[in-house]
Amino acid sequence: MIMFILASPVVAQDKPVQGQQVERWDIFELTLQGPSAGNPFTEVPLTATFKQGDKTFTPDGFYDGNGTYKVRFMPSTEGTWTYETRSRHEALNGKKGSFVCTPAATGNHGPVRVRDQYHFAYEDGTPYFPFGTTIYEWPYNPKERQDQTIETLKNSPFNKARFLAIPPYKPKYVEGSLKLTQFPFEGTSKDNWDFSRFNTDYFKHLELCVERLRALGIEADFILLRPYDGNWGFDKMDMETNERFIRYVIARFGAYRNIWWSLANENSFMRHLSQEDWDTLFKVVEKHDPYQHLRSIHNADKLYDYSKPWVTHVSLQYYNAVKAFGVSPLLRDIYRKPIVHDEINYEGNVSRRWGQLTGEEMVDRFWIAYVGGAYATHGEATEEGWISNGGTLTGSSPKRIAFLKQVVEQGPAEGLNPLDQYYLMNAAGKYGEYYLYYFGKDTPKNWTFELPDDALKPGMKFKVDIIDAWNMTVTPLKQVFEVEEVNRYKFKDKKNTKIKLPNKPYIALRIQRVDAEKLNNTKETIKRNELTDEVEP
């Protein structure tokens, strides 16, 4: 039988006090005692208004059981903040206080925001490049498996994890050693759920899961609703229950800086909800999340309209989009938002066709996504089931995804953008400075040095690295390439150079401009590595 481990409290207080200190983008928690009679989840509204200068935030409070009420707040700026509570119950109303927000500690960059329309950055401006993974049910596994998952993530490239806020129905969770004993609502089965009362111990455990990810610098892509049921009834909740559930989750989790909201996984399989219903739920999140965390929804057989203003980025399940060059740039043009391919099939050996990718195919799809100016999410489907249970990774793709992550992080700080996308299908970077060409499964023997003309001038010089995406090597070429104009569309190397390629799949070229100082450093690097030819990036 699985027993949940409860989270230790964040900054807490038994009553309003002055002079507390809270780190920027951490959590200030106000704890109050109030009525426990009746149904405090629905009958006792509570908010608190936090102010600093002209900045005002009003998060909802929540009932945490045993007559305890809490309000959580994530301060966005340093200095003194004041607060005052509002409730129709005297014990909770008009409670005033203040605290001091101190500088963020090392590694705390704040919540992730959309940056430059198609990319992301932390609130302090630090670039953030999503490299996600999928561990839907890891919070509902035994403690040993949860701990194993965290240890695996410590040594992985993944900085975003998708998981469910409500467990899916599976026979193993009903009987036997994996039987679940905690659920989102009070009750024990479909016959006696009380959808108006929440199980606070259940949510305290999920808070611990979010905190453990936060400690690793991993974003929690929190999936609020899902269709995988038929027995517990959580997939058929009416709109009133859905809204109440979402508001309670926001009140408890909104102050965590590493939260992303995913309205649902495969939302269109929840047939009783219309597109208008999903619009309504998006608006609930938008209205009640004072921090405006990232918001999206994961599709099944019907695409949600990601162009709607309350959607911050595209969370896509469309496998063909990462099988070929050119689709991600098209999606960027359609939606004018960041594109995250959150399900691209899984590396694995299960009987279902979506879990049979080779490591090579998974890595190839990742490269195609990033060279298209988009992002991707990993998954591994085996009998042990990383995508279901977490645990350990056994596939061959994660370390190669880590290699790609290095390449991306060493590229333009603003992220990779498609270059000359209407004629070049496989190039991304920054005009005049950085070019990344990826050849995928093609095996060219050579490549003629030509670049699209934007931001180029005759005489500019470039260095070239040959990257083997599968073998994870970077081979710098000794030659420095000087460009001249061919026509209004392209420049070429003055010596008409053709670069010899390894004649095998999964090869990329990284082309970077060098000025005089960089050129000298490049020559020294080449001289030091002449005997090895292959160096790590």
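Student: Which residue in S10 is the bridge partner of arginine 115?
Tutor: This is a predicted model, and the pairing is read from it. S9 and strand S10 (residues 119-122) run antiparallel and are joined by four bridges. In S10, the bridge partner of arginine 115 is histidine 119.

Student: Which strands stand at the edges of that open sheet?
Tutor: The sheet has three strands in the order S9-S10-S11, and the pairing is antiparallel. Each edge strand has a single partner strand, so one side of each is left without a neighbour in the sheet. The edge strands are S9 (112-115) and S11 (127-128).

Student: How far from arginine 115 is the C-alpha atom of histidine 293?
Tutor: Histidine 293 sits in the loop between H5 and S18. Along the chain, 178 residues separate histidine 293 from arginine 115. Their C-alpha atoms are separated by 13 Å.

Student: Is histidine 293 buried or exposed?
Tutor: Look at its contacts, leaving aside neighbours within four places in sequence. Among them are Met74, Pro111, Arg113, Tyr256 and Trp261. The cut-off for buried is under 20% relative accessible area. Histidine 293 has a relative accessible area of 1%, so it is buried.

Student: What is the phi of glutamine 292?
Tutor: Most residues other than glycine have a negative phi. Glutamine 292 is not a glycine, yet its phi is positive. The value is about 55°.

Student: Where is glutamine 292, and what does its 32% relative accessibility make it?
Tutor: Glutamine 292 is in the loop between helix H5 (275-288) and strand S18 (295-296). Buried means under 20% and exposed means over 50%. At 32% relative accessibility, glutamine 292 therefore counts as partly exposed.

Student: What is the relative accessible area of asparagine 503?
Tutor: Asparagine 503 lies in the loop between strand S33 (498-500) and strand S34 (507-514). Its phi is positive, near 60°, in a residue other than glycine. Asparagine 503 is partly exposed, with a relative accessible area of 38%.

Student: How many residues of strand S17 are buried?
Tutor: Strand S17 covers residues 259-264. It is largely enclosed by the rest of the structure.

Student: Which residue stands opposite tryptophan 261 in S18?
Tutor: S17 and S18 run parallel and are joined by two bridges. S17, H5 and S18 make a right-handed β-α-β unit. In S18, the residue opposite tryptophan 261 is arginine 295.

Student: Which helix does the chain pass through from S16 to S17?
Tutor: Strand S16 (residues 219-225) pairs with S17 in the parallel sense, over five bridges. Phenylalanine 222 stands opposite tryptophan 261 in S17. The β-α-β crossover between S16 and S17 is right-handed, and the chain passes through helix H4 (residues 239-253).

Student: Which residues of strand S19 point the other way from Val314 and Leu316?
Tutor: In a regular strand the side chains alternate between the two faces of the sheet. S19 (residues 314-317) has Val314 and Leu316 pointing one way. All four of its residues are buried. Pointing the other way are Ser315 and Gln317.

Student: Which residue in S20 is the bridge partner of valine 314?
Tutor: S19 and strand S20 (residues 339-343) pair in the parallel sense over four bridges. With helix H6 (residues 327-335), S19 and S20 make a right-handed β-α-β unit. The bridge partner of valine 314 in S20 is isoleucine 339.

Student: How are helices H2 and H3 oriented to each other?
Tutor: Helix H2 (residues 143-154) and helix H3 (residues 200-215) pack with their axes 11 Å apart, at an angle of about 20°. The contact includes Ile150 and Leu153 of H2 and Cys209 and Leu213 of H3. Angles under 35 degrees count as roughly parallel. H2 and H3 are therefore roughly parallel.

Student: Which hand does the crossing of H7 and H9 have?
Tutor: The axes of helix H7 (residues 359-371) and helix H9 (residues 398-409) come within 10 Å and cross at roughly 20°. That makes H7 roughly parallel to H9. The contact includes Phe366 and Trp367 of H7 and Phe403 and Leu404 of H9. The crossing is right-handed.

Note on methods. Residues numbered from 1 in each chain as written. Predicted model: local features only at pLDDT ≥ 70, side-chain atom pairs only at ≥ 80, totals over all residues. Heavy atoms only, no water. Buried < 20%, exposed > 50% of the residue type's maximum accessible area, 1.4 Å probe, protein only. Pairing = 2+ DSSP bridges. Right-handed = clockwise from strand over helix to strand, strands pointing away. Axes fitted to C-alpha atoms, helices over the stretch in contact; angles between N-to-C directions. Parallel < 35°, antiparallel > 145°, perpendicular 65-115°, else oblique. Contact = heavy atoms within 4.5 Å. Left-handed = near helix turned anticlockwise from the far one by under 90°.
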